[in-house]
Structures are given as C-alpha cells and as structure tokens.
Amino acid sequence: MQRDKFFKEIENVRHPNETLVKTHCSYCGMQCGMNLRVNTKTNKIIGVEPRYDWPVTVGKMCPKGVTAYQQTNHDDRILKPLIRDDASLKGTKEGFREATWDEAYSLIAKKFGELQNKYGKDTLSVFSGVSMTNEKCYLTGKFARVAMQTRYIDYNGRFCMSSAAGGFLRSFGVDRGSTLPWTDLHETDCLFIAGSNTAECHPTSMFRVWAVQERGGYLIVADPRETPIARRADVHLDLRPGTDLALANGILNLLIQNGYADAEFVTNHTNGFEETKELVKEFTPEYTSEITGVAPEKIIRAAEIYGKAPNAVVMFARGIEQQHKGVDNVSAYTNMALVTGKIGRPKSGVATFTGQGNGQGGREHGQKSDLLPGYRKITNPKHVEEVCQVWGITPEEMPQPGVSAYEMFELMEQKTIRAMYLLCSNPAVSAPNLNFVRKAMKGLDFMVCADFYLSESAEFADVILPTVTWSEDEGTVTNLEGRIIKINKAQEPLGESKPDWQIQAELAEYLGRGKYFSHLKTARDVADEFRLASKGGYADYYGATWDKIDKQDGVFWPCKDEEDKGTPHMFLDKKFYHPDGKAKICALPYRPPAEEPDEDYPLRLTTGRVVYHYLSGNQTRRIQFLRDMCPEPYVEVHPETAAKYNIEHEEFVRLFTRRGEAEYKVKITEAIRKDTVFVPYHFGHDKSINLLTIAALDPMSRMPEFKACAAQIEKLELKKVQ
Amino acid sequence: MKKRLYLELENCIGCRSCLAACTQCGGHEERNRNYVYDVNPLVNRQTMPLMCLHCVNPACARSCPAQAIQIHETGAVLSALVEKCIGCQNCTIACPYGIPKFDTEQNLMYKCDLCIDRTKDGIPPMCASVCPSNTLQWLTDEEIEAKQKQFNLDNGKWVTSMPYLEGETNVRVNLPGILQGVTKLF
Ligand code: SF4
Ligand code: SF4
Ligand code: SF4
Ligand code: SF4
C-alpha cells in the first residue's frame, strides 16, 4: 500500500546468530520503521538494521533512531522497584533502596488509601505521557478513573499536541493530525510549513520536502530562525516569535483579495467565510509586516505561491501551537486550505507534525482530563454510558472532568492534589515555569514514578516502579499521519521491569479494584478491550486489528470494522465532522504574546529542539553518540545583538526572565532574528530553559506559551571557556 | 546492477545520522569513518558530509608502503588490513580529503570501506540507507545519468569532476547549487 517512487525492494543484511524484529522507532511521531537486531544466543537486542520496506520512511532514520536500541540494555536501567523512606531527600537522586514489587505496591496502596480517606478520592492524580502504545495510554485512563478513582488525570500532550487537537476540532470537527498520508507530500506543488524545524524534529520527512523543490514545486517556511529547512525555502517568512496569527490572517487576506478563494467550495462545504473575510481585511501586507517583522514583499510572494499552486499542503508544528493562542494559530493556518479549497483531495491538505511517537493515538483514548476512549467526552452522558459498559462500572462511578497538566501543579501547590502517579513523562524538565512546578512536586505528600531511567522528575518520587522500554513490549501506536502501526517486542523485560499496563493491572488489585483489571494478562488482552472501548467513537479503532495492521502496512483511523481498510485521505467526500458536514473558517482577532518585550526584558526568548535529543532528554542524554553531539544547551544570539551586549561566541551569559534564570554558552549565528534568542529545552536541573518560560495557557487547549516570552541577557565576566 | 554512492550536497541537513549509522555497520567496531562539516557555522546552518570518494587510482593506497589498503573488485577502497598496516600514517596525508582516520592506541589506520559487507551483496551502505534528506543515495549509473539530465546547471559542471578532484572517483558528487537548474512548475 502507498508504495511510491522512493520505495525499493532491498534485502536486509542477516548476520549469523541474529534475528531481525520489525518495529518502529521509540521517539517522534514519524515512527520510522526499523529492524532491531537480536542475538539468538543471548536473546538481547544488539543493534539496528534499516527497514527498507516501511513505506513512509523506506529505511531512513535520524541519529536518535539509529541509536534508539541502545536504551534497552543501558547501564542506567532501573531493574527493581525503589523506595525512598527519607522524604527530606526529595529532589535529589539520593536515598532510594531496592524493594520487592509486593512491598512497593503495598506501600502505594497504603499511602493512596490514607490520603483518600483523609482528603477524598480526588486527592490523587495521574500525570501521563504519549510516548507509549495506545494500549498503555488507554489503560492509564481507565486506571486513573477506575482503580485510583480520581478525576485528576492529564498528560504531557498538553505541552505538545493539544493546540493542534483544539484547532482541528474547531475547524474540521475532527482531530486527525494529517488529512493526507505522508506518501503524498513529495507530489504536492507547494509546502507551506509554519513553526516546524522539520529537518531537526522530523528529519525523515525531509527527502519528501526536498523532492517537492526538485520537481519545481515551492517551499515556504515561517520560522523566527533560519533553520536547515528555512535555509533552502523559496520564501522564508522570518517572523517574530508569537505573531503567527497576524501572519496567517495577512496571507488569508491576500488570498481572498487576489481571487484565490474557491467560491464553490466555500459555499458548499464551509461556514464562517464572510465574517472571516471582514476580519482579515485589516491585515494588509504593511500592517501584517508591522506586527510580524516580515517584509511585506515576502508575505505577498508567499500568498501568491500558495494561491497559484494547483495542490498545496499547509503544515505546522509546536512553533505555532505552543503559544497562548496556539489553537487560534492552528485554525488560522487551516483557514488557508479551507478558503482555497485545497483540502479533501490527494496531494492537498493540512497536517501537523506530531511530536511524540504516539502523540496522535495517546490523545484520543482517555488520558486527557475530559476525554474517554474513542475521543469521547466525559461530559457527555451517552459517551460515559458507552465506556462504562466496557469498563463494568456505573455512570455514577465515573469521575468528573479534571484539569489540564499545568493546572494540576497549581492544585498540588494548593494541596487539593496531594499525591501523583507519574509515568512516561518528565515534567521537572518539560513543564513551563519550572521553579513553581518543581516546588509543587516537592511538596506532594506522596509521589510514584514509573520509568525505566531515573529522570529528573523521579528525583521527587517516594516510590519508583521500573518499566520496560518500547522494545520489550508490544502494541500499537498512531503515527503523525493517523496511521495505526504495530510496535513489536524484541527482548524480554530487563531485570524485574514490567510494562505499564501490567503494573497498573497488578496495582489495581492492591487498590481493591482488581476485578476490573484481572482479565488483562497480555498486551493483546488490553488491545482487544481498547478496540472495543473506542468502537463507535469518532476515533474508532475497532477495525484496526493487529493482523490488518501487519498486512496493510498500518491502518489509518477511522476504521470501523473488520472489512474497513481505513481512511488514508480525510474528507475526500468533502464531508467534515461538524453536524452540518461543513468545515469552519474561523475569524480570529490577533492577540500579541502574553508577555511582550519591554525595557527590562527587551529580547524574545523562544525554545525548541535539536536533532540529537528527544523531549526532556531523559532518554537521549544517556546515549553516548547523541550526548557527544550535543552535550549541553546553549543560547543562540544574532551577532549584532551579541555585539550590543559585548558578548562573543562561546562566552557564558546569564539569561533571565521574570520567572527564572540559567547560565548558557553563547552560540553566535546570523540564522536567527536580532530580537530573538533561542535555547533548546532538553536539559535538566539548572540547565533547563523551562525555568524561564511562561505558563500563560491557551484558553482552549491549556497549552503553555513555551515559544515566546520576554528575556534579558547579562554577560558573565569570569566564566570564559578555555 | 552496479550501484554507486551518490552525494547531493545541497540536501544535507546536518543531522549526522550518517555518522551514527556508520558505527552500526558490521566490522566497524562502532567507530564512524565519515565526517559532516558546518560550512559556515557563525552565519547559517549549511552542512555537508565529507565521504571517502573511492578513487579509481587512490592516493591513499598508492602512498602505503605496506600495501595495506586493498581495492575490492567492486572498486571500494578498503580499510587497512590489520596485519599489514604499519601505522606510518602516509595515507592520512596522501588522501586529498583527509579521509583515513588513525587509531593511535592500535597504531592502525581505519577508513570507509563503503560498508563492503553490505555493498558486496548490492545492499546500500548504512549511511546512504538512513540519510533522511537523500544527501547520500545508492544509485545505478542510469539513475545517476537521469539526475545529471535533471539538474542541468549553467556551467555544465554538475558533478565534481576534474579539475575539482584529484582524479576519477567511484562515488559521484553533486555540488551545492543544483536547484539553480530546476524549472519551476508555475
Ligand atoms: S526520532 Fe523520529 S525521525 Fe528520528 S528515527 Fe525516530 S521516528 Fe524517525
Ligand atoms: S545523514 Fe545525510 S543529511 Fe544527515 S548529516 Fe549525513 S549527509 Fe547530511
Ligand atoms: S578519497 Fe582518500 S581515502 Fe578515499 S580512496 Fe580516495 S584517497 Fe583513498
Ligand atoms: S559507506 Fe559505510 S563505511 Fe563508508 S561512510 Fe558510509 S557507513 Fe561508513
């Protein structure tokens, strides 16, 4: 299926005493195919071999993928449950002792029970993540509500995909990250990419991106930095961080003014055009330029190219989404496709670059504070009823909606939440405004962390439960296309580690809720229950059986039954998911970033990733090759700005905002705006840039504004590097 | 069908996946044999890989007094034979691109062997397999010829050829600037 010009039949190298296990990378939403090399004598993973037959990535991997296998048998793996009796050591690595699973489970059940007796059921919380299988994500939602019986569950997608989800829901009535398969991308005529450092964050998209230009197509990139993809763009819209909404409105205005709107499509398949047309009128190239700092000619040229292109794809990522108007940005860029009708057909559409491996699937099945499996709403009695039937509880037993990820830390601070079960996430590095977040974690009465390495967040835990890596369990994930794919098990769990679903099923027993979980003995058992729970929801996975995934090279949801082959292209029938079948063109007034530069903090701070690290770096900072390539963070400064502060390349500076400060080595580069500085966010303790970032939340997605705040630099005189 | 390593330097995104992949090839002892350079690090993010070009008449092998550098029948210029290499480092100086690396502990030269345990069976080298940007590709001569036609540069010098190189190479290199010759769709 979807084999294109990049696909070649290639045999893999097979060494003696080795088998190859087909699977996908553990990290980003690309979910590149890979084969893990397993030694048949030791039954251990020993290396990687390209998976040429995976149609999306045809053997390609970024350096994270190539070295991903080194996580499994790494010296830093936690092999037994750990307990820390001395709470005064919280916030350090010290004081943990090994324990049995029984002791750890018993302690957790005792503490959770005591706290719930004293403060009520909702004193507990679950903070989860989406770098794990759908099965685990699904069960975590059930575990929180049925076993822990708390309303407070949320997940790290609030720092990642929630704005894209909110924007797509509003524009399309459905949240599938891409309206078309990636195998279409190289055949489009124009890629409009906003706020995505694609070459570093989703590198294996790049051969398709370059292929568009090789064919004579166009590449337009909106980014405050001249990233490797922006370097080769036909038009680089070098905007001020946090001003995307103005840029999108400005381009939409030009598309409408210059006759590129598709009147028939707009009339038949959308609502909201007239109102939006009125609103964007104000955004002339000059006015847009004033706000964004992008030259008017570039805005005009970008609109002309996108307007003329027979087929075009609008793409974006965290750059536009991690803002306190992230949802508006998503809908505003999506407007471009809706107004011109470049959607609902092959080679045209809208896509977000999903950050985490299962950022798509993990947000659909009930880890979000207000969602249940199949993208059902916890506030909709019918939805609750449907899920209760699968779970075997009564609707009265279903907890209320909780609050978003960052807001949970606020409730911890206020002692509304007194305990946390943390898994698959490292908020002590990845949350914004870290001084506050770390204090909230430290102040918890009791904290459990399930992880395979001792992360910065695990340093705040009382109990650490050793989980497996992705290669020691099986299940499905949903990649950035919306394609459900299969992760396969290549090795038995190291030491006493266990998959999260097994831990949760066992712990449920200790919490006195075993009867709801005891039938789940294998990952496949969880998969079967999960498919059933999603059935009838609009993220319907019922028909996505493991067999079908294997046969078809993945299954695009929605996939309703055994016969349904899935849905690679969305909206081919021009039917959107709002009740009237129409998409919504949104009129979105511009709002500046929550914190604008001023005299005391004249610079704009933005954050992002480097190609060598993934999220908080808890995994990738431990891999020798990746650490060698990027051992520490740095601050990128334009040479003219550096000259003003009298700082030179590789000197150290103190970077500070109203919320915190950190010291960084300076990297001088002309490939950034003069008013902007950039720091990668993968680093812990006093190197975390999130000590400085602002927790201004989007009103709809509750996404913090990681991508723009006001900062100042101070040169550090003494700390010169040798 | 004979295939060659083909480099399209304009595509490089500096991800250094080729370096990571090189450590993964059988017999490479987890040490990479290729390089990626920041072309102008204080100015922009342009990068490019520096690979052994597998010269037809390789200076490295010619300079070796011990005949430690063998040429495989596929044309691949192999890494020094452990039992023959005397550690003189002549090759590291002789190679015009500074490709051979030297292990001072083992007193032994090591270099790109074009992943000979793969390419001898027609399987692409590790670096060209993983390269996310198609900077490194493993192509037939016909495919390379098609590329040559596609990217018809003004000066006719689309690949590194004399006088840019020392001599003929098995690897084909497409210099930065290929897009100049592309006709836009609209
Ligand atoms: S990190 Fe992403 S791009 Fe890199 S190999 Fe893994 S899935 Fe592919
Ligand atoms: S893998 Fe390819 S894109 Fe990445 S650095 Fe090497 S040559 Fe460049
Ligand atoms: S590029 Fe250098 S190392 Fe490679 S064959 Fe030619 S002379 Fe030898
Ligand atoms: S061809 Fe093989 S040995 Fe040579 S640089 Fe590439 S991966 Fe390394």
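A: Gladly. In chain A, strand β23 (residues 603-608) runs parallel to β27(A), and five bridges join the two. Strands here are DSSP runs of E with at least two residues, helices are runs of H or I with at least four, and both are numbered from the N terminus. Two strands pair if DSSP finds at least two bridges between them.

Q: Before we continue, what kind of model is this?
A: It is a predicted model, in which local features need pLDDT of at least 70 and side-chain atom pairs count only at pLDDT 80 or more, while totals for chains, interfaces and linings use all residues; side-chain values use heavy atoms, with hydrogens and water left out. Residues are numbered from 1 along each chain as its sequence is written, and chains are lettered from A and ligands numbered from 1 in the order in which they are written.

Q: Which residue of β27(A) is the bridge partner of A:T606?
A: That partner is A:F678.

Q: Is β27(A) covered on one face or both?
A: Both faces are covered: A:T676, A:F678 and A:P680 are buried on one side, and A:V677 and A:V679 on the other. Buried means under 20% relative accessible area, with a 1.4 Å probe and protein chains only.

Q: Changing topic, what is the order of the strands in the open sheet of chain A?
A: The order is β19-β20-β21, with antiparallel pairing. β19 (475-478) and β21 (555-556) stand at the edges with a single partner strand each, so one side of each has no neighbour in the sheet.

Q: How many bridges link β19(A) and β20(A)?
A: Four, with β20 covering residues 483-487. In this pairing, A:V477 has A:I485 as its bridge partner.

Q: Now the interface: how many residues does each chain give to the contact?
A: Chain B gives 46 residues and chain A gives 56, contact meaning heavy atoms within 4.5 Å.

Q: Which three residues of chain B supply more of its buried area than any other three?
A: B:Q24, B:R45 and B:F186, which supply 21% of the area that chain B buries against chain A. Buried area is the accessible area (1.4 Å probe) that two parts lose on being put together, summed over both.

Q: And what is the total between the chains?
A: About 3900 Å², of which carbon and sulfur atoms give 54%.

Q: What does A:R231 touch in chain B?
A: Leaving aside residues up to four places away in sequence, its contacts include B:E10, B:C12, B:N44, B:R45 and B:Q46. A:R231 lies in helix α7 (residues 228-231) of chain A.

Notes
Buried means under 20% relative accessible area, exposed over 50%, partly exposed in between (1.4 Å probe, protein chains only).
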